[in-house]
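Trainee: Could you walk me through the ligand site in this one, please? I would like a close look at that part.

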Amino acid sequence: MSFETITVKPLTARIGAEISGIDLSQPMGNREFQEVHDALMEHQVIFFRDQPLSVDQHKDFGRRFGDLHIHPGSPPPDGHPEILIVHADKDSKRVAGERWHSDVSCDTEPPMGSILHLWTVPDAGGDTLFSSMYAAWDGLSDRMRAYLDGLTATHSGEQVYRGRYNSEQYDDAGRVYPQAVHPVVRTHPVTGQKALYVNRTFTTRINELPSEESSAVLDFLYNHCEKPDYQVRFKWRPDSIAFWDNRCVQHLAIWDYYPQVRSGYRVTIKGDRPF
Ligand code: SIN
C-alpha cells in the first residue's frame, strides 16, 4: 500500500507501524483520514509520536472513525463520559489492561478501536504489547481451525468489573455488567480476514463444549495468542498515541514501573456485532 499524506514505517512484518507527517490536533482532510484508516487496517495498531492533544482534540480524532463508546464501569473525568482514565501511581492497587484482552469484548457490540494518549510515562518500562489475532488464526493447524470454526464463546464483564472501581464516591451495587456471546473466530468487517476472538480477561467458556474441554481449549488458545511471534511492543514517550483495532488485536499493559506515575486518557470507538 502506498501513502501520499503520511509516512508509515512498519515495526514488524505482522503487526504495528509508526505514523509520522501528521498533526492530530488539526482536523484531518478526507485523504489523510483515508490513509490513517488504511494504515490501521493494514498494520492493526498504529503509533504516533509528539502529539500533545487536548481532551477535545483527542475526542475529535476518535470521532472521525465512529461514535465514541462509553465504558460500562470506569468512572470518567468530569464532563467527559467518553474518556477512560488510564493512571497508575504509588497508591495504585492494579492498573488497566494487566491481562491480555480485547477492549470490552463483553459488550454485544464491542468497540472497534481504542486510542490511548499518555502524557506522563515512567523513566523506563510501562510498555504495551499488542498481538495480532490474524497471525494467531493463521498460525493454527488446519485441523484446529476446522475444530474451532462455528464455535461460540461467552464473554463476561461481571468478573472483571465488579467492585473494581468502588470508592467512597462510587458503589457498583445494583449495576449490571454486560455479557455477550461471540464467535470464537470472527471475520473482520473491513478486511474480510479471520481473527481469533477469545481472551483471558473476558472469555469465560466455549458454549458448545463440556466445561473441562472448554477450559483446556481456551488455555491452549490463550497461550497461542500470546506468542511473541505475533506481537509488537510499544515503548511510550510523553505524548505518544497508540490506536489499535480491537477486532483483530489483543493487548497487555506491563506494570513494571511501580511506584512511578504513568498517566493518560483513552478514547474508544463503538463497533459492530462480531460475525
Ligand atoms: C488498556 O487500554 O487496556 C490500557 C493499555 C495501556 O495502559 O497501555
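**The ligand and its shell**

The side chain of H101 has an N or O atom 3.0 Å from an oxygen atom of the ligand, a polar contact in the sense of a pair of N or O atoms within 3.5 Å. The protein buries 99% of the 260 Å² that the ligand exposes when taken alone (accessible areas by the Shrake-Rupley method with a 1.4 Å probe).

Before going on, please keep in mind that this is a predicted model, where local features need pLDDT of at least 70, side-chain atom pairs count only at pLDDT 80 or more, and totals for chains, interfaces and linings use all residues. Residues are numbered from 1 along each chain as its sequence is written, and side-chain values use heavy atoms, with hydrogens and water left out.

The residues around the ligand, meaning those with a heavy atom within 4 Å of it, are V86, A96, G97, H101, D103, L116, T128, W244, H251, A253, R262 and R266. By class, this shell has 5 nonpolar, 4 polar and 3 charged residues (Ala, Val, Leu, Ile, Met, Phe, Trp, Tyr, Cys and Pro count as nonpolar, Asp, Glu, Lys and Arg as charged, and the others, Gly among them, as polar). At least two shell residues come from each of the strands β14 (249–253) and β15 (262–269); strands here are DSSP runs of E, at least two residues long, numbered from the N terminus.

The loop between β14 and β15 contains P259, and a cis peptide bond joins Y258 to P259, with omega about 10°.

Finally, the ligand sits in the largest pocket. On a 1 Å grid over the protein atoms alone, a pocket is an open set of points where a 1.4 Å probe fits, with protein on both sides within 12 Å along at least five of seven lines; a molecule sits there if more than half of its atoms lie within 2 Å of the grid points.

Notes:
Polar contact = N/O pair within 3.5 Å; in protein donor to acceptor, adjacent residues only side chain to side chain. 1 Å grid on protein atoms, 1.4 Å probe; cavity = no way out; pocket = protein on both sides within 12 Å on 5 of 7 lines; lining within 4 Å. Helix = DSSP H or I, 4+ residues; strand = E, 2+ residues; numbered from the N terminus.
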